[in-house]
Amino acid sequence: MNRREMRTVYKNYKSAVLCFLGAAALLMNTSCEKDFLERVPLTNISSSNAFDTPERILAQVNALYLSVKNSQFYGGRYIIYNELRADEFILNKPNVQTGQLTWSHTVNSSTSEVQNLWSNAYASINMIHIFMQGLQANQSKISPALYANYIAEAKFLRGLCYFALVQQYARPYIEDNGASAGLPLRLAAEQTAQNNALARSSVAEIYNQITKDLDEAESGLPLNYPTAATNATRAHRNTAIALKTRVYLTKGEFAKVIAEASKIVPATAPFQAASGVANKLEANVVSVFEGSYTGNEAVFSLPMSTLDAPGGQNALAYYFTFQPGNAEYFLNASGTIADPVFSPASADARKNLIVKQQDQMWLYKYKVAATYADYIPVIRYAETLLNYAEAAAKSGNLPLATQLLYAVRKRSDAAYSFTPASVGTPAALVSTIMQERRIELLGEGFRVPDLLRTLQPLPAKAGPAATSPAVLPTEGKYIWPISAAELSTNDLMRPNP
């Protein structure tokens, strides 16, 4: 693709977003209870009348979620890339269409996954801006409470998008307190190519915007929605709080993690949010991955259906299962599954999410056949408990950290006891919590972010089809390069550090 073609492609995605607002609404049911579970077409909604009625405005809210769950972004590929770049999965079928270059750390700024993730994330951000601009001009069409609710949802999603981008394409915050060059911080609707040129804000400035968005989202979001389905698939107050625990943990600001987590996690067991949605651990961890799970452990999930499934080469089940997937990546025998939790003698229920087929071990958290319409778990209450536990341990509160750790472990193995040595000192307890994260969150896109936020190398890995060396934090490929399309159209972009 030459420079002119790149410029055309990148300009077009901006101007196409407004049209997509109306087109996306055609896929969305305006019933609150069926926002994402069933798609009933609306007709004749265009950008000129998308905000005419409360029903059409709600359709635009739903379209924001639809954009974020695009299979090239959070609906598949983003989570996949954050697993492939680490060491938990081994390449089984070399194919550049299914992440071979990502797995081997050989992407460049023109690689399709680098460009597609970037453009889809920014398209979602721009769609959010167009929505907020349109909603502000039509405030009279809905109640003040709904207006605050919808704006807060948009800000939550913008924060989520920027958090994904800054982790993937910028140096870790902890490296220099965010002084490194970050991303173009676009905060206004763009429907033409006029504002392409925008310099990179610092990593710290991006994080400041993320936390500002999430604070404002917390203030405007409802405590809950009328149904379990919407509580699991639309942002509510606890959703914003839970995401803040992840963001502050990434920044190494442990006191802030504790302050946020304590809003939705009691100081003593049993741990369950006391206000808003009654988020808690599911009794059986396997049931969390039933395909269309909407229970209280799902703080926020991206739903899929047969009408909007991510498609084969973008779906988590396609990558990580032998059947019904395509057996693209099996589990690394030297990775997390070497932990005794997954041994035949273990009583831990999480081993039931691992299946041996043709002499390899495969992850079966995602297993919906044919359409691959598994819900995408973006935030689970288990992660929030582990975020809290790590922050408490690093702040010296070992009793609380140990309680939170046990809550996650004993959910899967009620009789288990950690050895005194593994929880007896701050360093040992933190190490045990980090291992519990690897076990609990395996295949959910946390491995690379956890390595980056602690400035650890991306480990080497080897399999029958290929090998990949370790990547040190000092290497340029420790993070992804800025998309070539952005560099082609944005004259103010500085090169990667």
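Me: What volume has the second largest cavity?

Reply: Rolling a probe the size of a water molecule over the atoms shows where empty space is left. A cavity is a set of points, on a 1 Å grid over the protein atoms alone, where a 1.4 Å probe fits but cannot get out. Points are joined across faces, edges and corners, and the volume is the space filled by probe spheres set on them. Here, the second largest cavity has a volume of about 110 Å³. Two or more lining residues come from each of β4 (298-302) and β8. This is a predicted model, in which local features need pLDDT of at least 70 and side-chain atom pairs pLDDT 80 or more, while totals for chains, interfaces and linings use all residues. Residues are numbered from 1 along each chain as its sequence is written, and side-chain values use heavy atoms, without hydrogens and water.

Me: How do the residues of that lining divide into nonpolar, polar and charged?

Reply: The lining of the second largest cavity has seven nonpolar, two polar and four charged residues. In this scheme Ala, Val, Leu, Ile, Met, Phe, Trp, Tyr, Cys and Pro are nonpolar, Asp, Glu, Lys and Arg are charged, and the others, Gly among them, are polar.

Me: Is α3 largely enclosed or open?

Reply: Buried means under 20% relative accessible area, exposed over 50%, and partly exposed in between (1.4 Å probe, protein chains only). Eight of the eight residues of α3 are buried, so this helix is largely enclosed by the rest of the structure. Among them are Arg77, Asn82 and Glu83. Of the 497 residues of the protein, 61% are buried.

Me: How many salt bridges does a search of the whole structure find?

Reply: The search finds 35; each has a side-chain nitrogen of Lys or Arg within 4 Å of a carboxyl oxygen of Asp or Glu. Take Lys212 and Glu216, whose closest N and O atoms are 2.9 Å apart. An α-helix has 3.6 residues a turn, so residues three or four places apart point the same way. Lys212 and Glu216 are four residues apart in helix α8 (residues 203-220), about one turn. Lys212 is partly exposed at 42%, and Glu216 is partly exposed at 30%.

Me: Which salt bridge links distant parts of the chain?

Reply: Arg350 and Glu440 form a salt bridge of 2.8 Å, N to O. Arg350 is in the loop between β5 (329-331) and β6 (354-357), whereas Glu440 is in helix α16 (residues 426-440), 90 residues apart. Both residues are buried. Arg350 and Glu440 also belong to a network of salt bridges that includes Asp348, Arg409 and Glu436.

Technical notes: 1 Å grid on protein atoms, 1.4 Å probe; cavity = no way out; pocket = protein on both sides within 12 Å on 5 of 7 lines; lining within 4 Å.
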